[in-house]
Structures are given as structure tokens and as C-alpha cells.
Amino acid sequence: MAEYDFDLIIIGSGAAGLTIASGAAQLGVKVLLIEKEKQMGGDCLHYGCVPSKTLIKCAKVRHQMTNADSYGLPTPNLDPVDFAKVAAHIQSVIGTIQPHDSPERFEGLGATVRFGTASFRDPHTISLEPPEGGTPEHISGKTIVIAAGSTPSKPPFKGLDQVDYLTNETVFSQKTLPKTLTVIGGGPIAVEMAQSFQRLGSQVTLLQRSAHILSKEDADMAEVVETSLRKDGVTIVTNTSIEEISQHDDQISVTYGTKGDSSQTVTSEKLLVALGRAPAVEALNLKNTGVEYSKKGIPVDEKMRTNMPHIYAVGDITGKHQFTHAAGYEGGIVIANAVFKMPRKADYTLLPWVTYSDPELASIGYNEKRAQQADIKYTVHTESFASNDRALAENQPEGKLKLLQDQKGRIIGVQIAGIHAGELINEWVAILGGKVSLSTLAGAIHPYPTVSEINKKVAGTILSKKVFSPFTRKVLRTLFKYRGRA
């Protein structure tokens with residue numbers, strides 16, 4: 001039987017890699033965790049979830065101060081935003097969280113942590129190049145997990161490689177707030193950043209290639225967010241095709257066409273390209289392993305295994321669900337299969353996700369687009385935040401909840417566009433995951449006034465159509481001789 005240096009080698013210390021390293025090390029597995037950057041935590045901590053949500057909060061506070069009069073308060077005299085201070089605040093939040101993802105913590109759990117660039121020498125051997133360069137070290141592992149993440153996509157726009165543009169990896173470290181900003185993209189990152197920079201004081205133009213922003217969402221739900229961005233002052237242009245990008249001194253020009261016009265140009269101080277992320281497969285030398293891969297990522301089975309059974313892939317590198325919570329979930333799947341040797345399959349049916357705009361847009365299960373693509377017949381039930389007392393008290397009555405039921409009455413999906421949508425969707429995670437009935441939800445006591453009453457209300461509305469039906473009234477009149485309206 002072959003002897004290996006480690007039972008388990010993990011490439012990447014993002015959410016998936018850390019989950020696996022922590023669990024496996026505490027179970028007595030000899031673990032090596034490799035990270036190419038100077039610090040652990042992955043994209044989420046340094047360039048994604050944490051800095052973006054911190055920036056979003058900063059922008060929301062500024063927005064509320066600017067609009068104090070809508071709450072009956074005097075509008076303060078505000079100085080322009082010093083983005084260097086905002087950037088410093090973002091870094092302080094990252095610094096506060098960083099120790100949780102530190103080498104010391106994971107080595108304390110029993111893992112070995114090494115920094116450097118990892119690539120495959122053969123199916124069981126990693127070549128580890130030190131951060132400062134030098135002779136690579138060869139390390140073998142019985143089982144190997146690829147959790148190397150992703151990088152910002154680089155679309156083949158004419159002239160893009162000749163301009164100094166921003167990505168999610170550079171946008172948070174700017175020293176000054178751009179007076180003008182063009183955002184190419186209409187997904188969650190693009191939308192969140194466009195709204196945030198507009199609220200902080202930039203004049204933002206967003207160019208989206210589809211008919212509406214957040215194109216994976218239903219148009220009516222995306223419209224709630226789009227209306228909010230336009231109200232904030234963001235210029236949104238849809239159905240665009242980028243023709244050319246150029247830079248002159250400190251200004252970047254984007255020439256684009258639309259269905260109605262061609263060769264329009266928007267010029268700004270900064271350009272943010274937010275067109276998704278590409279799996280980081282190129283530097284791994286996967287050709288030395290026999291693992292199948294493409295620019296779209298590394299395909300895996302339901303147990304997160306590649307076509308080489310001892311090599312797993314998790315997180316963004318698979319090209320599937322590029323969410324931190326999905327990566328953490330997949331890490332648990334790997335621990336079950338690779339450590340406990342107990343077969344467990346990933347199931348994304350109830351994977352929730354949130355766009356952290358204001359208002360937020362959260363989703364779980366099927367929306368109408370996906371239901372139609374799956375040829376599922378469904379009915380739609382909606383509740384408006386305009387009838388929720390807490391939303392009115394918070395001065396945020398925009399948006400709605402939309403629930404889909406199949407022909408058997410089973411809930412197949414819920415979308416929420418409105419105040420605290422990202423928190424409200426968690427109740428549906430429990431309801432759908434625990435197969436809780438609508439009658440149980442409708443009968444549950446929710447504190448008043450809370451925004452979460454909208455979840456209870458949609459259940460009550462659906463059930464009331466049966467409870468207060470003519471048939472029910474007829475039965476009660478017959479049984480109890482009631483004399484009210486039939």
C-alpha cells in the first residue's frame with residue numbers, strides 16, 4: 001500500500017477549504033491546507049462578501065442621512081465622502097474577522113498550513129512553489145481537494161486590456177471616490193456596487209446586455225431593485241452590446257450599441273467590469289492528473305468527486321454555484337464522503353441566494369423563469385410590503401413576496417424583493433427544508449410589528465381561499481344553523 005505525506009491535501013482556504021480542513025483535522029486526519037495568497041479566508045473575506053457588505057452598509061447610512069427629511073428629520077449638512085476612510089473601515093472589518101481564518105487557529109485544530117502556489121505533478125503529488133520563489137517542494141496526498149476558487153472574468157471587449165479598469169478585487173481599495181463610474185454588468189456584484197457608489201456620491205452608469213438587470217430573476221422582482229437604483233440616480237441602459245473601450249488621460253470611454261441605436265459612448269473616471277467570475281483552473285496543471293476540466297470549471301458528481309475518485313473539487317472552481325454558503329455546504333459533502341466514507345450527495349434544490357441591494361432580493365427554489373424552463377405548471381401568490389405595518393414604519397414599503405405552488409399545492413419556490421429579504425428567506429429555508437405545512441406557518445405566532453409577518457400572511461391568504469369558501473359556509477349553516485349570508 002502506497003505511503004503518502006498527508007491523508008488529505010486541500011488547495012485553497014476559502015469557505016470550502018476551511019470547512020474541510022477544520023472538520024477533517026478535528027477527526028484525526030493528517031491535513032495539509034495550501035493557500036496561494038498571503039492570508040487565508042479566500043475571496044469572500046478579502047474581495048467579496050465581507051468588503052462588499054461593509055461598503056453597502058456605509059452607502060446605506062449615507063443614503064439615510066441624505067434623505068433624513070423623509071423621516072421627518074432635518075437634513076444634515078454633509079461633507080463629500082472621503083473614500084480612503086471608507087476603505088480603511090472595510091479593512092478594519094476584514095481584520096476583525098481574519099483571526100477566525102488564521103493559520104494559528106487551524107494549526108491549533110491539527111492541520112498543517114502552508115503558503116505558496118500549488119500545481120499538480122501527478123495525480124497524488126502537489127508541487128508547492130514558495131511565495132518568495134525558489135525550488136518547489138513535492139508533497140503527496142492520498143486524497144486531494146481542489147478549492148482554488150475563481151477570478152474576475154475578463155471579457156474579450158476591444159480595448160479592455162489597454163485600460164486600467166476595476167474588478168471586485170480592486171474596487172474596495174481605492175483612495176478616492178470616483179466622480180463618475182461606469183459599471184459593465186447587471187448581476188448581483190454590478191448592481192450592489194452601482195447602487196453603493198451612487199449613494200456615496202459618484203454618478204454611476206450601468207450597462208446591461210440583457211433586457212433587465214439581475215437577468216436570472218423574474219422580471220417583476222428585478223424591477224423592484226431596478227426602480228430603486230434609478231430612484232437613487234443610477235443611469236441604467238439595457239440591451240447593450242459593448243463595441244470598444246478606450247482611455248484618454250484619466251477618462252475611460254465605453255462605446256456601446258443598443259437595439260434602438262448604435263455607437264453611443266459613456267465616459268467616466270473609473271470603469272468597473274463585473275461580468276461574473278471564471279474558475280481558477282489554469283495554474284493547477286490538471287493535465288498531469290487526468291482530471292477533466294474546461295474554462296467553465298471542473299465537473300464533479302453529486303459526491304463532489306472529479307472523474308478521478310480520489311480528487312474532489314468544491315466551491316467556485318466547479319463553475320456551478322458561486323456562493324460562499326454553497327461552498328461551505330459542499331465542504332460538508334466532502335467530509336462525509338472522503339473522511340467518514342459515508343455516501344452523501346449534494347442537493348441544491350433548496351439553495352437560497354440573496355442580492356444585497358436596497359431593497360434586497362432573495363430567492364429559494366423555483367422562480368417563474370426556472371419553473372417554465374423545467375415545464376412545471378404552477379400558480380403564483382403574492383403579498384405586498386405596502387400592507388406590512390413594520391415596512392411602513394421603516395419607510396420601506398417597496399417590493400413584494402412571491403410564492404409558487406405546483407399543481408399538487410406544494411411550495412416549489414419563494415422570491416422576496418423588499419426590506420430585509422435576505423433575513424426573511426431564512427424562514428422559508430426552514431419551512432421548505434423541514435416540510436412545514438402552510439397551515440402550521442399560518443397558525444404560528446409572529447411578533448407584531450415585524451417584517452416577517454409577510455411570510456405568515458401569504459400562508460394565511462392561500463389558506464383563506466379554502467377556509468372562507470362558499471362550501472365551508474354551507475357546511476357550517478347546515479351543522480350549526482347559522483343565519484348569516486350564505
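**Close-up views of a predicted model**

**Figure 1. The largest nonpolar core.** The largest nonpolar core comprises 51 residues, and those with the most contacts inside it are Val31, Ile146 and Met304. A nonpolar core is a set of buried Ala, Val, Leu, Ile, Met, Phe, Trp, Tyr and Cys residues joined through side-chain atoms within 4.5 Å; buried denotes under 20% relative accessible area, exposed over 50%, and partly exposed in between (1.4 Å probe, protein chains only). Two or more residues are given to this core by each of β1 (6-11), α1 (15-26), β2 (31-35), β4 (117-122), β5 (125-129), β6 (137-146), β16 (311-313) and α8 (324-339). Helices (H or I, at least four residues) and strands (E, at least two) are DSSP runs numbered from the N terminus. Apart from this core lies another, of 38 residues, including Ile94, Ala190, Ala194 and Val204. The model is predicted: local features need pLDDT of at least 70 and side-chain atom pairs count only at pLDDT 80 or more, whereas totals for chains, interfaces and linings use all residues. Residues are numbered from 1 along each chain as its sequence is written, and side-chain values use heavy atoms, with hydrogens and water left out.

**Figure 2. Surroundings of valine 31.** Residues up to four places away in sequence being excluded, valine 31 is in contact (heavy atoms within 4.5 Å) with Phe6, Leu8, Ile10, Ala21, Ala24, Ala25, Ala111 and Thr112.

**Figure 3. Glutamate 35 in strand β2.** Glutamate 35 belongs to strand β2. This residue is buried yet has no salt bridge, the nearest side chain of opposite charge, lysine 36, being 4.8 Å away. A salt bridge requires a side-chain nitrogen of Lys or Arg within 4 Å of a carboxyl oxygen of Asp or Glu; Lys and Arg count as positive and Asp and Glu as negative, while His and the chain ends are not counted. The side chains of glutamate 35 and serine 13 are joined by a polar contact of 2.6 Å.  Such a contact is a pair of N or O atoms within 3.5 Å; within protein, one must be able to donate a hydrogen and the other to accept it, and residues adjacent in sequence count only if both atoms are side-chain atoms.

**Figure 4. Helix α6 and serine 196.** Because 11 of its 13 residues are buried, α6 is largely enclosed by the rest of the structure. Glycine 201, with a positive phi near 130°, follows α6. Serine 196 lies in this helix and counts as buried at 3% relative accessibility. Serine 196 and cysteine 58 are 138 residues apart in sequence and 8.1 Å apart in space, C-alpha to C-alpha.
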